[in-house]
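Dear colleague,

I am handing over a structure that may be new to you. Please find it below, followed by an account of what was found in it.

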Amino acid sequence: MKNSYVGSAVERREDLRFVRGRGQYVDDLAPDGLLHAVILRSSVAHGRIRSIDAAAAVKIAGVHAVITARDMPGGPPRIAMRLQPLPEFKPFEQSVIADTKVRYVGEPIALVLATSMAVGEDALDRIVVDIEPLPAVSDCETSANGDRLLFAEQGTNCAMTFTAECGDAVAAFAIAPYVRREKFRTGRHYGLTMEPRGVMAEWDAATGQLTVSGAAKVPFFNRRILAKLMGLPEDAIAMVENDVGGGFGARGEFYPEDFLIPFAARQVGRPVKWIEDRRENLMAMNHARQAQVDVEIACTRDGAILALRGHADVDMGAYMRTNGAVGSRNVAQFMSGPYRIPNIDVDVTLFMTNKTPVGTYRGPGRFETDFFRERLFDMVAKDLGLDRVDFRRRNLVAESEMPYAIATINPFESKDQFDSGDYQITLDRCLTEFGWDEKSKLQGRLIDGRWHGLALGCFIEGGAAGPKETAGVTLNDDGSFTIAMGSSAVGQGVETVFAQIAADALEIPLTSIRVMHGSTTYLKEGYGSYGSRATVMGGSAVVVAAQKLLENFRALAAKELHVPPEKLTMADGQATAPDGRRLTLTDLSAHGLSAEGSFSNNSKATYTYGTALAHVAVDAKTARVEVLDYVVVDDVGRIINPHTLHGQVIGAAVQGLGGVFSEELVYDSNGQLLSGSLADYLIPVATDYPNVRAISLELHPSPNNPLGAKGAGEGGIIPVGGALANAVSNALSSLGVEIRELPLTPPRLWSLLQKATASA
Amino acid sequence: MPVSFEVNGKRVTVEVEPRMTLVDCLRHQLRLTGTHVGCEHGVCGACTILLDGEAVRACLILAVQAEGCKVVTIEGLSNDEALTPLQASFRRHHAVQCGFCTPGMITTAHALLTAEPDCDADRVREVLSGNICRCTGYISIVEAVLDARSAYRTPESQS
């Protein structure tokens, strides 16, 4: 009998330890002889380092060493980019520690090793750093002026311009009967994880082996970078993945500390651990999202989109980090969203500023660009006197157009296509679930002192980032199986999901499977968890490895039973000969059966798609917004575990709501971070958004992998900005309020409302 | 200086610096690592423990302030044999993703349900609003806590 774990709401095996407080996160490790690292970070956004004097610090009892750039022969190395490593970006890459210049508040200057964090922090106060301040570049406008340069030798603060092109936008605009041009901006957010980052390194001088705990997301990539920076062979380094308290794109990239801590451990010959505190986390972990756009759309009078063109500026912060270009590329590539736009000419310029460098945060570029596009669409529909739902319906890519090629991104000529789907279905289902026809009667009405507004947004979510993933299956002596994964766990529940996939593929009980993931010790090669890829890519690799193992089992059973392999009937973990003799996997468990498999998708992404609808009430006096209902419907191709999937979609939606209404990393004109605590950077709490619903469908499996699954970890966050900004604008439409900037913080919306009320 | 208190039913005496927080003492000296540290400034609630039965933030209390108190951590609310009804409810409702906020959530919810086993959804949300979860969006957590209420109405099923 075949299993059907895939598709079932299997309870997570991870939870058995998490709910008892038995998870093991990197800060839970404390080997003998451990030294604690604390980092002195720049309090100046832009300046020249004149001197660093640590003499008084090293005299403190319990302080073991202070490490600065001077301790690195040949100067501190730079961290190479992982994604889009274009030569143009090279000069903007970050050194592992500041050497002659500091370029953002929070940049590492010195590392203290001490017997406790408290003693280390005492020592920080005794290090004297003399920095000659330089005028800061705190926004894209100042950056574009070019009179204050972060990298003087470059002669510019502009790192790159990406272009997205298809058709002939110039020609289309020349003859268009209707055009509209608008400017929008999104603020700075980041993928705050509840567990701050942490690294622990142990150097074994006798064997030349380095063990690094605290790895996440992309341990194999990071090992490659670290090996190069440390001058070690890759196999001399083991990256160990512990339990990880959230990823969201930000955690697990190669940061300066991922070099500094191993370097320090080798330097002093003792285990060294660094655990980030929350203030550091706010200024040191990758930021994201800050972009502004000047965009223009061309349509026929009856609402067919003819062309889209425009320009966006992205505030990159001080350095090009490992995945720093992804958000900007996505702003260019996905401004057209799930819609048929035959002519596109969008370019996106990356400007360096004296702020924390950017990287990816769940739905990178897509959250931003969905807000830009869906706001624009509502304005267009209003101009043309068209129903906002019909306008979208008319322009969604049709099922008959699949696979649908999207705009080409340059300079690297990246092409992509939507894989499968009927985008009308999620739109229709969402309208029904939400009760659009009935609720939209409230549109723009003032009821009991609150303005009601409703809106929608359609989206696509790229997933299954290529190129490849690996998995291994081993039959243990006791008849159980161990699955080893190149994918990483960042809290999504991959142990459970991969066990489900493996149990179905091997036709054995779920309880017989153990899943090992992330660490570089289980497999020769692995890729990790980013771009909504773990379930699709890792899961497909498990299927391949399991099939290989069953083939090995068939061959071995045939030998044992003295029958040709093709005569065996294979089912339920048994090989049965024509005469009825049979061998089970357990019978052969002593033979060391194992198989490795890999899955390559030739970088063909999957595209989950969907629609989100929102209903808000805006207090006419205070501008407080209540989200009365939010519904998102998506089609993820195939659902492996409805529980974990639903959790991803709802969790992402609420994260998105935080980004719409409260989360913002604010800087002043000197490049000082003003939101340096969780009392300033406001994450949603349990009372904020109780009315969020999500429905996931599995109507159009992806043709690009054996599971038919599509990446689904990010879609929940993508449409939130557009749908909510439209809903608030619609609520206040009689006052002429049009939202053009996120986040819609209480003061920002209140002043918009004040201005509108005053002029009304 | 020495400080003595009860942790999960066991009396302990620990040598601490006066400036050491209770959460650092629990995690680093007593090696009870189930209590997590998420912000160290009293906002996130990951370090929530029970101090004389009340849910408090162990990052805002000095270890020396626990002198003579009864401290219960997530380890004290757990056993090897089976999940408690509250823990099982968290699992059943998929109220856990990365697990980092979970011990604080469970401890806060345990204190609430012990005192108010008949609380409604609004009350659960209000009390849990002091604990930040970045993964779940809270909906499943609120459901899990509501679903566990019945277990707290009969004294013997409390842990």
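I begin with one pair of residues in chain B: B:Leu51 stands opposite B:Val71 in β5(B). Strand β5 covers residues 70–72 of chain B and runs antiparallel to β3(B), with two bridges joining them. Strands are taken as paired if DSSP finds at least two bridges between them. Helices (H or I, at least four residues) and strands (E, at least two) are DSSP runs, numbered from the N terminus.

Before going further, please note that this is a predicted model, in which local features need pLDDT of at least 70 and side-chain atom pairs count only at pLDDT 80 or more, while totals for chains, interfaces and linings use all residues. Residues are numbered from 1 along each chain as its sequence is written, and chains are lettered from A and ligands numbered from 1 in the order in which they are written.

Chain B

The pair above belongs to an open sheet of five strands with mixed pairing, in the order β2-β1-β5-β3-β4 (chain B). Its edge strands are β2 (10–15) and β4 of chain B, each of which pairs on one side only. On average, neighbouring strands of this sheet are turned by 40 degrees against each other, direction ignored. Helix α3 (residues 102–115) of chain B lies across β3 and β4 of chain B and runs at about 35 degrees to β3(B). For such angles, axes are lines fitted to C-alpha atoms, for helices over the stretch in contact, and the values run from 0 to 180 degrees between N-to-C directions.

Chain B has six helices and five strands, and along the sequence they follow the pattern β-β-α-β-β-β-α-α-α-α-α. The C-alpha trace of chain B spans about 45 × 35 × 25 Å along its principal axes. The radius of gyration of chain B is 15 Å, which agrees with the value near 15 Å for a compact globule of 159 residues. That radius is taken over C-alpha atoms, and the globule rule is 2.2 Å times the number of residues to the power 0.38. Of the 159 residues in chain B, 57% are buried. A residue counts as buried if 20 or more other C-beta atoms, placed from the backbone, lie within 10 Å of its own, as exposed if 12 or fewer do, and as partly exposed in between.

An automatic or database domain assignment supplies the domain bounds; for chain B it gives domain 1 (2–77) and domain 2 (85–157). The C-alpha centres of domain 1 and domain 2 of chain B lie 21 Å apart. Across the boundary, 15 residues of domain 1 of chain B are in contact with twelve residues of domain 2 of chain B. Contact here requires that the C-beta atoms of two residues, placed from the backbone, lie within 7 Å. On the domain 1 side, the elements that give two or more residues are β3 (48–51) and β4 (54–57) of chain B, and the largest share, three residues, comes from β3(B).

Chain A

Chain A holds 18 helices and 33 strands. Its radius of gyration is 27 Å, close to the 27 Å that the globule rule gives for 760 residues, so chain A is as compact as a globular protein of that length. Buried residues form 58% of the 760 residues in chain A.

An open sheet of seven strands in chain A has the order β19-β7-β17-β16-β15-β8-β33, and its pairing is mixed. At its edges stand β19 (408–410) and β33 (741–742) of chain A, each with a single partner strand, so one side of each is left without a neighbour in the sheet. Strand β8 (residues 178–186) of chain A pairs with β33(A) in the parallel sense over two bridges, and A:Arg185 has A:Glu741 as its bridge partner in β33(A). Helix α10 (residues 366–384) of chain A packs on this sheet and touches β8, β15 (291–299) and β33 of chain A.

Where the chains meet

The contact takes 45 residues from chain A and 42 residues from chain B. On the chain A side, the elements that give two or more residues are α1 (15–18) and α16 (642–661) of chain A, and α16(A) gives the most, with eight residues. The residues on that side divide into 19 nonpolar, 15 polar and eleven charged. In this count, Ala, Val, Leu, Ile, Met, Phe, Trp, Tyr, Cys and Pro are nonpolar, Asp, Glu, Lys and Arg are charged, and the others, Gly among them, are polar.

With kind regards
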